[in-house]
Amino acid sequence: MTDTPESPAPDARGDRGGGLKSDRLSGLVLLALAGWIVWLNREFPVGTLADPGPGYVPLLLAVGLGAIGLLVALFGGDSQPLRDIRWTEARRAVVILVACGALTFALERIGYRLSVFAFLVFFLGVVERKKPLPMLLVAAGFSMASFYVVADLLGVPLPRGPWGF
Amino acid sequence: MLETFNSLMMGFAVAFDPKVFMYAVGGCIIGTLVGMMPGLGPLAGISLLLPATFGLNPIIAIVLLAGVYYGAMYGGSTTSILMRIPGEAASVMTCVDGYAMTQNGRAGPALAIAAIGSFFAGTVGVIGLMLMAPTLASFALRFGPPEYTALLLMGLFVLAYMSGGSMLKTLAMAFFGLLLGMIGIDVMSGYTRFSFGMVELGDGVGIVPVAVGLFGISEILMTAGQAEPPKVQRPKLRELIPSREEFRLSLGPIVRGSLLGFAIGIIPGSAHVISSFVSYGVERRLSKHPERFGKGAIEGVAGPESANNSAATGAFVPMLALGIPTGPVTAVMIAAIMVHGILPGPMLIQQQPDLFWGFVASMYVGNLVLLILNLPMVGLFVNLLRIPYAYLYPCVLAFCILGCYSVSNSVTDVWIMLAMGAIGYGLRKFGFDLAPVALGLVLGPMLELSLRQSLALSGGTYGIFLERPIALTMFVLALVLLAFALKPVIFKGKDWRAGVGLDDPPPG
């Protein structure tokens, strides 16, 4: 479930509808990425074949990525049309990423326990609309218990807030 | 042979040390729980536990992490059979017939055959590891930079050829991973590359933030807002015993799956995932009644489950003998060993025999522990699946952040993890395989170093790769695979994936 491609293979889809195809767009994005890396790589000496510099291998790889991107775009005519890709969970995914970003920002500022407590209260209370009592119990229990196991029992240092908590 | 036996006995002395044994059992139990939880595969489990192993001795650290790995492979089958939810990717094929068996009231025998098959396959895998790794390691002592360059390139082409999806897209992801591996200080010149002025990127991008982001976070983003999981069955102990006919039908698939899985496990890529697909395809093809597949054929559980467990063990052969990871999990495990100042590779077995043989022996013990513990305790373990997903996923997210932060106490690592999570989500939407990114990240610096050393050795000519027989053989093999892989792309034909059902959605 972790790394299985989500879209079926082109042959299985057999969809020849109009509009931009997913592999065409992917290929072009890869090509653009490769171009950007080549541009960034200009700062590093490529050296000679007998003495390759720090820019040599990145340049080879970027050129390789660009070539593959081009092939993906060229052979991507049979792939899934872009409009057929469903983004039903995208809004929730953005909320998750923003909340994780907020937790990361707060982690070293207010400490592990408080930031994780606030993070779980937000998810369980605001996003999932759980009842206050189980929400508070899970948020407090998880933040305290995980800190105890990881920091106190396993000896892994975790950030504490300005109040030593 | 006698030497191997004596070394194994020494390994058992290490594995039965009470502390090592306790950690092996603990790793198996944690792994089983991790494997059962959607969103926490073996990789995320190992990554999260990694910081906790820094204070342990290296033998205990690797025994614990390996226990988590094969425990997770084992645990993934439980959710597949009982709920049609693959706890980890390799269990996807088990869902098909395993869940159909549950619907037919045969959940117990399906779980039992999965456990027995996993035990047999795990044991076959360990025997293979024990016999192959030392031989491969002594052969690899002849390797210089050109041979390593050829080996790494061949590995990438094999990965592309054997990947479950498009070869071009897999290669693109491998190149993306290799480029990620270029970030940080160049060890040969001292230049800091692609760091955008961030001091934290001087050491490069770590495997843990990338792996947890790509696999853990992106999985949660994909499943966000999903419906509550279906109700879970709790099979009783007496319902677990398969019938004589079920045993008879499972025997061949277990043996074939074990051998096939081990052979595929040595190959780079998502080997355990591919092995389960290939095994399912082989069993369906060999069956006298292929129409039973998808409707509760026990061979469809026995083969893939054995194959993915055997592949998980096979992956340790190149990791321990050559120091080369075959996938993200072994990449993280190499990082775990290197933290202790030990470099996996050809010299490991000679310089650290207690670590290698202790590890091998602990895998025998771990497999037995999993069989003894998991079958009677399956009713207890499935209680975990009763936790509503709405409560589970925020806690898993917090765990991911906690695990990633604690590897090097760096918030930058957490930001990288979140970025990789978002990238992984987008890539999965567009049908890209993510394993090559993690693999490329680890192989990138190795490939760069060996290529530049080879060119320096040869005075600037690529002819050095043609003058050395081992390197030349590997390059020829890589080119043959590339030709095979490109043929269906160019001529629009079908390749081996179609034969094993990787191009088709699974039945059922």
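Two residues are in contact if their C-beta atoms, placed from the backbone, lie within 7 Å.

## Getting your bearings

Welcome to this predicted model, where local features need pLDDT of at least 70, side-chain atom pairs count only at pLDDT 80 or more, and totals for chains, interfaces and linings use all residues. Residues are numbered from 1 along each chain as its sequence is written, while chains are lettered from A and ligands numbered from 1 in the order in which they are written.

## Chain B

Let us begin with chain B. Among its contacts between residues at least 6 apart in sequence, 80% join residues at least 24 apart. Its secondary structure comes to 22 helices and two strands; here helices (H or I, at least four residues) and strands (E, at least two) are DSSP runs, numbered from the N terminus.

Of the 508 residues in chain B, 63% are buried. A residue is called buried if 20 or more other C-beta atoms lie within 10 Å of its own, exposed if 12 or fewer, and partly exposed in between, with C-beta atoms placed from the backbone.

## Chain A

Chain A has six helices and zero strands, so its pattern along the sequence reads α-α-α-α-α-α. Buried residues make up 35% of its 165 residues. For contacts in chain A with a separation of 6 or more, 63% are between residues 24 or more positions apart.

The domain assignment divides chain A into domain 1 (10–84) and domain 2 (90–153), with bounds that come from an automatic or database domain assignment. The centres of these two domains, taken over C-alpha atoms, are separated by 38 Å.

## Where the chains meet

How many residues of chain A are in contact with chain B? There are 64, and they are in contact with 74 residues of chain B. On the chain A side, the elements that give two or more residues are α1 (10–13), α2 (22–40), α3 (56–74), α4 (90–110), α5 (112–127) and α6 (132–153). The most comes from α3(A), with 11 residues. By class, this side has 42 nonpolar, 13 polar and nine charged residues. Ala, Val, Leu, Ile, Met, Phe, Trp, Tyr, Cys and Pro count as nonpolar, Asp, Glu, Lys and Arg as charged, and the others, Gly among them, as polar.

One helix pair is worth a look. α4(A) and helix α18 (residues 411–429) of chain B pack at an angle of about 175 degrees, with their axes 10 Å apart. Axes are lines fitted to C-alpha atoms, for helices over the stretch in contact, and angles run from 0 to 180 degrees between N-to-C directions. That makes α4(A) roughly antiparallel to α18(B), a term for angles over 145 degrees. Among the residues that meet are A:L97 and A:L107 in α4(A), and B:W415 and B:Y425 in α18(B). The residues of this contact divide into 10 nonpolar, three polar and one charged.

## The nonpolar core

A nonpolar core is a set of buried Ala, Val, Leu, Ile, Met, Phe, Trp, Tyr and Cys residues joined through C-beta atoms within 7 Å. The largest one has 214 residues, and those with the most contacts inside it are B:I62, B:L65 and B:V332. Helix α6 (residues 107–140) of chain B gives the most to this core, with 18 residues. Domain 1 and domain 2 of chain A both give residues to the core, so it lies between them.

Not counting residues up to four places away in sequence, B:I62 touches B:M333, B:A336, B:I337, B:L355 and B:F359.

Technical notes. Angles under 35 degrees count as roughly parallel, over 145 as roughly antiparallel, 65 to 115 as roughly perpendicular and the rest as oblique.
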